[in-house]
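User: I'd like to learn how to read a model like this one, feature by feature. Can we start with the charged pairs and work inward from there?

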Amino acid sequence: MADSASPIAETSPATEPQHVPREALRRALSSYLVLAPGRALADFLIDYGLYLSAIAGVLFVPWLAVKILLSIFAGVKIANLGTLAHDAAHGNLFRRPWQNRLAGVLGFLPGLYNYQLWVYDHHYVHHPFNNGRHRDSWTPLSKAEYDALPRLRRWREHLYRMPFGLGFAPYYIIERWWVVRFFPRAALLPARFLAPAWRYFAILAVYLAGFLTLLACAPFYSSTGAVTALILGFVVPFYVWQTLFSFTVFVHHTHPDIPWFDGAVDRKETVPMEQISLHLAFPRWFAVFIHHICEHPAHHVMPRIPYHQLYAAQQRLNGISPGLAVYQRFSFAWLNDTLRRCKLYDYERNGWVGYDGRPTAASPVGPALRAAMAQSQGTMYIPPRDAVPAAE
């Protein structure tokens, strides 16, 4: 392995992929901007029905082993509903804005996500400025930032990137859910979004109080004890949901071939969206089951493509820009290798490094792209209370 003084290996200029103009991509993918409200409603009702059925099973099925399986399944269904709520927030499920808003609020309800906080963080921060140095999901620290952390905080960084994703849920619950998904904070949210954020928080608070009360009173209407009902009806599903969501956002933008940036970078032309997000491929049946949430580059190129069109759109995108689209088949061996190699990021030399500062992969930024980035007219994340561009 290279020593810490060695520069991170660069991509050869001859191997750098050819850039495809963004407008050409948008024209090629425009045929996939097709809403299917009937299918969206059916998927939404099926996922909600299965989630409620799983919770009912936790309360009324007499066998503990089955209760545990249903509890885990409830967490999976919360994740499915979260995916549909994500699409609804983009306006991709139904034709009328109020219908999408209602689906978004209801879809995020079991997962305790504040709809307004989601819209701000995902649409106004993540989409325009993804892979930047601002607060976002799984933003890698630099070696200097890591070294400056207290010992306990460094231990948490090691926990978060444990093998097999064992640290995914702790990461998201500690670093993201409580901070930017649940409780409104004036320091992180522009003033114009605070009032609606508090209204959505009130909805979540009423729901949470009612749901926990329902579970705690389980002995009065079922043979399930209160502790069992609370653990298997709420704690386990929530933990499964946070694990799955944290995994999803980790793999969307973490890969040895995907760069991160410190500074103003144009994410539309200079560094195309399909080069900074991962197409993580699963078997087709599983992609359908998870509502195509991992056909992610196509979503970043055109966020208004509905989930049921993303598979075809992603195949088209891969064919148009085969050298740019970062493609990976899922395996646990790949996941563990990524968790091992993608610890910290060297923002000066553009490449992933370990906790010791040694490079763990060749730089995904070649000389031509590096030169283009230096001349980029892009924008950086603007702090709260100022105007920021929304996602398309």
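User: How many salt bridges does a search of the whole structure find?

Analyst: A salt bridge here is a side-chain nitrogen of Lys or Arg within 4 Å of a carboxyl oxygen of Asp or Glu. By that rule, the whole structure has 16 salt bridges. Keep in mind that this is a predicted model, where local features need pLDDT of at least 70, side-chain atom pairs count only at pLDDT 80 or more, and totals for chains, interfaces and linings use all residues. Residues are numbered from 1 along each chain as its sequence is written, and side-chain values use heavy atoms, with hydrogens and water left out.

User: Which residue does Arg176 form a salt bridge with?

Analyst: Its partner is Asp121, with the closest N and O atoms 2.8 Å apart. Arg176 sits in helix H8 and Asp121 in helix H5, so the pair ties together parts that are 55 residues apart in sequence. Helices are DSSP runs (H or I, at least four residues), numbered from the N terminus. Arg176 and Asp121 are also linked with Asp136 and Arg181 in a network of salt bridges.

User: Are Arg176 and Asp121 buried or exposed?

Analyst: The general idea: buried is under 20% relative accessible area, exposed is over 50%, and partly exposed is in between (1.4 Å probe, protein chains only). Both Arg176 and Asp121 are buried.

User: What does Arg153 pair with?

Analyst: Glu157 is one partner, with the closest N and O atoms 2.8 Å apart.

User: On to the nonpolar side. How many residues does the largest nonpolar core have?

Analyst: A nonpolar core is a set of buried Ala, Val, Leu, Ile, Met, Phe, Trp, Tyr and Cys residues joined through side-chain atoms within 4.5 Å. The largest one has 88 residues, and Tyr51, Tyr113, Leu280 and Leu335 have the most contacts inside it. Helix H9 (residues 191-216) gives the most to this core, with nine residues. There's also a second, separate core of six residues, including Leu141, Tyr146, Leu149 and Tyr355.

User: What does Tyr51 touch?

Analyst: Contact means heavy atoms within 4.5 Å. Leaving out residues up to four places away in sequence, Tyr51 touches Ala74, Lys77, Ile78, Leu81, Pro110, Tyr207 and Phe211.

User: How far does H9 reach, and what covers its buried residues?

Analyst: The expected span of a helix is 1.5 Å times one less than its number of residues. H9 has 26 residues and reaches 37 Å from its first C-alpha to its last, close to the expected 38 Å. Its buried residues include Phe193, Tyr200, Leu208 and Phe211. Among the elements covering them are helix H2 (37-60), helix H4 (97-108) and H10.

Definitions and conventions:
Helix = DSSP H or I, 4+ residues; strand = E, 2+ residues; numbered from the N terminus.
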